[in-house]
Amino acid sequence: ENKRRAQIENEIKNLGKIYFAFNSSTLNSESKSTLTQLATLMEATPTITLEVASYTDSRGPASYNLALSERRVKSTIDYLLEKGLSQDRLVPKAYGETNLVNECDDNTPCSETKHKMNRRSEFVVMRFLAN
């Protein structure tokens, strides 16, 4: 069971994160492809539950960024629901501009490429039950 869980977690990690354009919650084609692969993996492993965590970069007010991350997590989950997954297997978490993956906070000038790394949705296995 632990070996299978590690394998599934590794597959999800290898799928990676999905990224968003500045001030957008719209999924691009690359993100949709990743989410389709994630849905297929989850269909093959019906005993896992995922946290879907969405973030923003640090630009803009924190309250606005929290709302933007809520829209991002919603668009991410909506796409997975369209692929046939059940809502009870997806736990939405909107984190706004918290948990930046680099130094690009309000006081640090950064390139667009670095800011983009923070505009993401990530997937964390919360529950895994053996068949």
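Guide: Welcome! A residue is called exposed when its relative accessible area is over 50%, and buried when that area is under 20%. The model we are looking at is predicted.

Visitor: Which residues of H2 are exposed?
Guide: Ser29 and Ala44 are exposed, so each has a relative accessible area over 50%.

Visitor: And which residues of H2 are buried?
Guide: Ser31, Thr34, Leu35, Leu38, Ala39, Leu41 and Met42 are buried in H2. They lie on the same side of H2, because they cover an arc of only 160 degrees around the axis. Ser29 and Ala44 sit on the other side.

Visitor: What do the buried residues of H2 pack against?
Guide: Their partners include helix H1 (2–15), helix H3 (62–82) and strand S2 (48–54).

Visitor: How do you know that the reach of H2 is close to the one expected?
Guide: Helix H2 covers residues 29–44 and has 16 residues. From first C-alpha to last, H2 reaches 23 Å, close to the 22 Å expected at 1.5 Å a residue.

Visitor: What caps the N-terminal end of H2?
Guide: Asparagine 28 does, with a side-chain oxygen 3.2 Å from the backbone nitrogen of glutamate 30. The cut-off for a polar contact is within 3.5 Å.

Visitor: Why is the link of cysteine 104 and cysteine 110 called a disulfide?
Guide: The S to S distance is 2.1 Å, and a disulfide needs sulfur atoms within 2.5 Å, so the pair qualifies. The count comes to one disulfide.

Visitor: What makes that link left-handed?
Guide: The angle about the S-S bond is -100 degrees.

Visitor: Why does cysteine 104 count as buried?
Guide: Because its relative accessibility is 0%, and buried means under 20%.

Conventions:
Residues are numbered from 1 along each chain as its sequence is written. This is a predicted model: local features need pLDDT of at least 70, side-chain atom pairs count only at pLDDT 80 or more; totals for chains, interfaces and linings use all residues. Side-chain values use heavy atoms; hydrogens and water are left out. Buried means under 20% relative accessible area, exposed over 50%, partly exposed in between (1.4 Å probe, protein chains only). Helices (H or I, at least four residues) and strands (E, at least two) are DSSP runs, numbered from the N terminus. The expected span of a helix is 1.5 Å times one less than its number of residues. The arc is that of the directions from the helix axis to the C-beta atoms. Contact means heavy atoms within 4.5 Å. A polar contact is a pair of N or O atoms within 3.5 Å; within protein, one must be able to donate a hydrogen and the other to accept it, and residues adjacent in sequence count only if both atoms are side-chain atoms.
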